[in-house]
Amino acid sequence: MAAESYQQSSAAKPDVLPKPGDAILDLGCGTGELSAYLAELVGSKGYVIVVDPDLSRLQLAKEAHRHVKNLSFIEGNSDKFEGMGSETFDIIFSNYILHWIPEKSRAFRNMFDSLRVGGKIAAQYSDIIPPFMATSYEVLNPERFEQLNNMFHPVKRDDVDLLCVTAGFDVMKSYSPKYTRDFYPSVESLLQWLVGTTHGVFDLHLVTQERIELLVEKFGNPPFDFTTNSFDCRLVAVKPKSQTL
């Protein structure tokens, strides 16, 4: 259920577009929609390695994209992934993953050591727990509120940039979009997203009709539009030719 829910929710556009022949790592790929798009862009002479710690997500991704020949799905995380330290990747994508990682400095160093000189990272992340998510956890899953909140390890954008530079990167672009679309047409779509983005820690069995009604009192009737309540950040950085660490 969690993996299927994530598949319905993951649809990000990359900040950096790869070229034909590029070697790509999609770190924390979810169910692979972005990964399949990247595989199409790099063509038959390039390849995309997809890494995620959630086996159910990986299985769903493999089934959904089994026809894509230059796309591989492998269990792993920011501390252990295929090609780590190889200095072979042209681009590493990290799509809404950084805020889940407690040891961000190590993650940046691992990415740095895995890129060729001139290679880039492109990351999207949240620098706080979005208020609508915290409210949803508290109202719908109060028994798991602390556990759900503790899954997040958000860091402010300036601090993320510093961690990136300390690992050896040159930051090319770091910004917060004017808005990021956070729209849910129904209660069910919001519930599916909450399950999918928390590896199933958010428990649908704890969601009662009474709790749903309380949430609607706070948010209003669906559709829910949290676009103005979004706190996304984006980062593009390059591994420079001359490295002075």
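## Close-up views of a predicted model

Ring pairs link Phe132, Tyr184, Trp193, Phe219, Phe224 and Phe226 into a cluster. Rings of Phe, Tyr and Trp (its six-membered ring) pair if their centres lie within 6.5 Å. This is a predicted model, in which local features need pLDDT of at least 70, side-chain atom pairs count only at pLDDT 80 or more, and totals for chains, interfaces and linings use all residues. Residues are numbered from 1 along each chain as its sequence is written, and side-chain values use heavy atoms, with hydrogens and water left out.

**View 1. Phe132 pairs with Tyr184.** A pair of aromatic rings is described by the distance of the centres and the angle of the planes. Here the ring centres of Phe132 and Tyr184 are 6.0 Å apart and the planes are at 45°, so the pair is tilted (planes under 30 degrees apart count as stacked, over 60 as edge-to-face and the rest as tilted). The pair links distant parts of the chain, with Phe132 in helix H5 (residues 131–140) and Tyr184 in strand S7 (residues 183–184), 52 residues apart. Helices (H or I, at least four residues) and strands (E, at least two) are DSSP runs, numbered from the N terminus. Searching the whole structure gives 10 aromatic pairs.

**View 2. Phe132 also pairs with Trp193.** Their ring centres lie 5.8 Å apart with planes at 35°, so this pair is tilted. Trp193 belongs to helix H8 (residues 187–196), and 61 residues separate Trp193 from Phe132. Are these two residues buried or exposed? Phe132 is buried, with a relative accessible area of 1%, and Trp193, at 15%, counts as buried. Buried means under 20% relative accessible area, exposed over 50%, and partly exposed in between (1.4 Å probe, protein chains only).

**View 3. Helix H5 meets helix H8.** The axes of H5 and H8 come within 12 Å and cross at roughly 95°. Axes are lines fitted to C-alpha atoms, for helices over the stretch in contact, and angles run from 0 to 180 degrees between N-to-C directions. H5 and H8 are therefore roughly perpendicular to each other (angles under 35 degrees count as roughly parallel, over 145 as roughly antiparallel, 65 to 115 as roughly perpendicular and the rest as oblique). Residues in the contact (heavy atoms within 4.5 Å) include Phe132 and Met133 of H5 and Leu190 and Trp193 of H8. H8 is mostly covered, as 9 of its 10 residues are buried.

**View 4. Helix H4 crosses helix H7.** The axes of H4 (residues 104–114) and H7 (residues 157–166) come within 8 Å and cross at roughly 45°. That makes H4 oblique to H7. Lys104, Ser105 and Phe108 of H4 touch Val160, Leu163 and Cys164 of H7.

**View 5. A cis peptide bond joins Pro222 and Pro223.** Most residues other than glycine have a negative phi, and most peptide bonds are trans. In this bond, omega is about 10°. Pro223 sits in the loop between helix H9 (209–219) and strand S8 (224–225).

**View 6. Glu87 and Tyr96 have a positive phi.** For Glu87, phi is about 55° although this residue is not a glycine. Glu87 lies in the loop between strand S3 (71–75) and strand S4 (89–95) and is partly exposed, with a relative accessible area of 48%. Tyr96 has a phi of about 55° and is not a glycine either. Look for Tyr96 in the loop between S4 and H4; at 23% relative accessibility, Tyr96 counts as partly exposed.
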